[in-house]
Amino acid sequence: MEEAARRVISVIVINEASVLSRITDLFSGRGYNITSLTVAPIPESRYSRLTIVTSGSVRVMEQITKQLHKLIPVLKVIEHADLVEKEMALVKFPITENLSDISALCSAYNGNIVNVSEEVIIAMVADEPKRVDYFLAAVKRFHPKEIVRSGAVALER
Amino acid sequence: MQISGAQMVIEALIAENVDTIFGYPGGAIMNVYDEIYKQNSFKHILARHEQAAVHAAEGYAKASGKVGVAMITSGPGFTNAVTGLADAYMDSVPMVVISGQVPMSLIGTDAFQEIDAVGISRSCTKHNYLVTDAADLARILKEAFYIARTGRPGPVHVDIPKDVTAQIATFDYSKPVELETYKPNVNGNVRQIKKAMEAIAEAKRPLFYLGGGIINANAGEEIRKLVQMTGIPAVETLMARGTLRFDDPLLISMLGMHGSYAANMAMSETDLVIGLGARFDDRVTGKLSEFAKNAKVIHVDIDPASISKLVNADFPIVGDLKNVATSMIEIAKTTVDKERYIPWLETVANFNRLHPLSYKEDTVELKPQWVIQRVGELLGDDANISTDVGQHQMWTAQFYPFSRPRQWITSGGLGTMGFGFPAAMGVKVADPSRVSINFTGDGSILMNVQELMTTVEYKLPVINIILNNNYLGMVRQWQTLFYNKRHSSTDLSVQPDFVKLAEAFGGIGYRVSTKEEFDAALKDAVEKNVVAFIDVKVHRLENVMPMVPSGGSLFNMMLEYKEK
Ligand SMILES: Cc1ncc(C[n+]2csc(CCOP(=O)(O)OP(=O)(O)O)c2C)c(N)n1
Ligand SMILES: [Mg+2]
């Protein structure tokens, strides 16, 4: 068996009712993985763009692409090879943690402190998914209370 | 034109030249039924169960090549129809199923007879719609018919809330379908076709692997010509039966789990598989890694997702089979030399001589295979043949002398018991001049037996030949072979009186256990031209052979079962 590698695909769909469930149903029904999925309308068009991070062998990927194409509202499926990929993460820390240390760490990962209240600090980073992993590992020592990742978005170079 | 949503449904069906629909009314679809009552353009056949209505529409579609139409109500009406949708989806049957839904204002409130119908049908339809505005109905229905019949055909489900069927809006059916995201590719890449034809000219042991896509594409004639002019032998899948005439010398037989020895051996020995509208189903290939191991593969299909899904295609060709076969014929005229394959044909003939499809006659009891062959002798081309699912289905596929596409109507992909009787009813509607036979089992027939009422009411004389082995025979066979004869819940010794059952609905019943009785019963049923049950007592423990055990290699066939 060929190894299942991480892959990123973008899917352009007509922005209509239940189009997202058509896509997720296809993945669950055929046993494909979804690592992350983001979706938003493409400005000034009737389309939405989904970025799906999945994993599978070359053969599975070919099937995923073809099966996506078969869905009626799907306009285009882009299997990324050479891509720019970014993901955002928000992390909430207790106010008792060291604000300047966190801030310094954030700037190393394309981020900053976005909110400080009486009780919590919220930091934001936007970087390659792998680097977001590193960031999240690095901030462990500041006892994060809550972490949210956006899922990846990607553009072909 | 300003009309109600319900009237739009009628107008759309008329515009699509629909002559018959199958359905069952209920609260949410009543507005549409009211309009059905007022019109005279098409016929509505009231099935006695929604599943049967959908199977009837399938039978109609399979026999005619037209889009079948079924109409049902919300909630239980819809859920009853799901098996039919799934069946049509698996076998690529062009169909439009229209269901009523609770009014828009009640959607999401767990209203009476509300179910998320499009949520359920999404995974077993080619496409589906929930109509939220009557102004969209013309476009949606037109798209539904278009999507159902083009590309790889399939069922399309349109769910219409009750208030939308009452809503008045503009109806204009003349606008052409504009689907920017759906453009089925039809022609096939010319360079790929040329390369494939070169491979054919160079092969020593090529083999046509004919699938149901040929029937869907109405490409039977072209394929017959292609086979004949190349002199290359052919095997058929279950769904492709009838593509070649049964007596065509180049037709080996059906391949797969219950394929003939020669067909499976040919597939194992070939050096070039020419797959036409077939999808390398697991019931056909057996163990994939051993399937046509030494062969290159040409794969022509309208559905790109079918190509290289299971078996890698060296020559993938996406296109409509009618077009592609026509191009292939054109090229073959100058490239293919029939003589080249004569030694290969000799090999295939040897396989056939070694283990022809056969069965042992019994002096006391009728063998089911005999019954099927006998119907073939007596009716042959004059009958359309439907089946249910089980041993009787496989025997019919093996032993009936099919002579044309669309003569053979069966549930292949889903394997739905209860398919046969309603499907045979739809077939009779589509092709009234031919006898409509349903070969069924004592198990399957009870799964839509209520259609006795429909067929009697509408004078649709389906002849059901029950190959009665007092068993869920196919499951019993697996238990005999693989579960050490532990016949768990497959004994059907307790049975209805099938003769009385048929009579109770106004049909005719026959009980037969000898050849003479069978001939007499069939003759009588055909002559009287009424709905019939012929309850044929057959040998109880007959097995379908050859058999490739599930997951085994195609060349490792069990040829007969020896009592241990
Ligand atoms: C709806 C449905 N339920 C269960 C099965 C599993 N199944 C396949 S064949 C079979 C036995 C069919 O018995 P019968 O109709 O008597 O046909 P026979 O095999 O005896 O010819 C069963 C239960 C099925 N295919 N469809
Ligand atoms: Mg039986």
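# Close-up views of a predicted model

**View 1. Helix H15 of chain B and its buried residues.** Buried in H15(B) are Pro368(B), Gln369(B), Trp370(B), Val371(B), Ile372(B), Arg374(B), Val375(B) and Gly376(B). Here buried means under 20% relative accessible area, exposed means over 50%, and partly exposed is in between (1.4 Å probe, protein chains only). Helices (H or I, at least four residues) and strands (E, at least two) are DSSP runs, numbered from the N terminus. Because 8 of its 11 residues are buried, this helix (residues 368-378) is largely enclosed by the rest of the structure. Its buried residues pack against helix H16 (391-399), strand E17 (435-441), strand E18 (462-468), helix H21 (515-528) and strand E20 (532-537) of chain B; contact, here and below, means heavy atoms within 4.5 Å. Just after H15(B) comes Gly380(B), with a positive phi of about 45°.

**How to read the views.** This is a predicted model, in which local features need pLDDT of at least 70 and side-chain atom pairs count only at pLDDT 80 or more, while totals for chains, interfaces and linings use all residues; side-chain values use heavy atoms, with hydrogens and water left out. Residues are numbered from 1 along each chain as its sequence is written, and chains are lettered from A and ligands numbered from 1 in the order in which they are written.

**View 2. The magnesium ion (ligand 2) and its protein donors in chain B.** Look for Asp442(B) (OD), Asn469(B) (OD1) and Tyr471(B) (O), the protein donors lying 2.1 Å from the ion. Donors are N, O and S atoms within 2.8 Å of the metal (3.2 Å for Na, K and Ca); water is not among the atoms, so sites may look incomplete. Along the sequence, the donor residues follow the spacing D-x26-N-x1-Y. Asn469(B) is buried, at a relative accessible area of 5%, and Tyr471(B) is buried too, at 9% relative accessibility.

**View 3. Where domain 2 of chain B meets domain 3 of chain B.** An automatic or database domain assignment gives the domain bounds, and chain B is divided into domain 1 (2-170), domain 2 (190-354) and domain 3 (368-537). The C-alpha centres of domains 2 and 3 of chain B are 31 Å apart. Their contact involves 18 residues from domain 2 of chain B and 17 residues from domain 3 of chain B. Together they bury about 1500 Å², with carbon and sulfur atoms giving 62% of it; buried area is the accessible area (1.4 Å probe) that two parts lose on being put together, summed over both. On the domain 2 side, Leu238(B), Arg241(B) and His258(B) lose the most area, together 40% of what that side buries.

**View 4. Arg241(B) in its loop.** Arg241(B) sits between strand E10 (234-236) and strand E11 (251-254) of chain B. Is Arg241(B) buried or exposed? It counts as buried, at 6% relative accessibility. Its side chain makes a polar contact of 3.0 Å with that of Glu236(B), and also reaches the backbone oxygen of Ala397(B) at 2.9 Å. A polar contact is a pair of N or O atoms within 3.5 Å; within protein, one must be able to donate a hydrogen and the other to accept it, and residues adjacent in sequence count only if both atoms are side-chain atoms. Leaving aside neighbours within four places in sequence, the contacts of Arg241(B) include Ile215(B), Phe402(B) and Trp408(B).

**View 5. The interface of chain A and chain B.** Here 18 residues of chain A are in contact with 19 residues of chain B. The two chains bury about 1500 Å² between them, 46% of it on carbon and sulfur atoms. Arg22(A), Arg59(A) and Ile72(A) supply 41% of the area that chain A buries against chain B, more than any other three residues. Across this interface there are 3 salt bridges, each a side-chain nitrogen of Lys or Arg within 4 Å of a carboxyl oxygen of Asp or Glu. Arg46(A) forms a salt bridge with Glu180(B), the closest N and O atoms being 2.7 Å apart. On the chain A side, the elements that give two or more residues are helix H1 (19-29), helix H2 (58-70) and strand E4 (74-79). H2(A) gives the largest share of that side, 6 residues.
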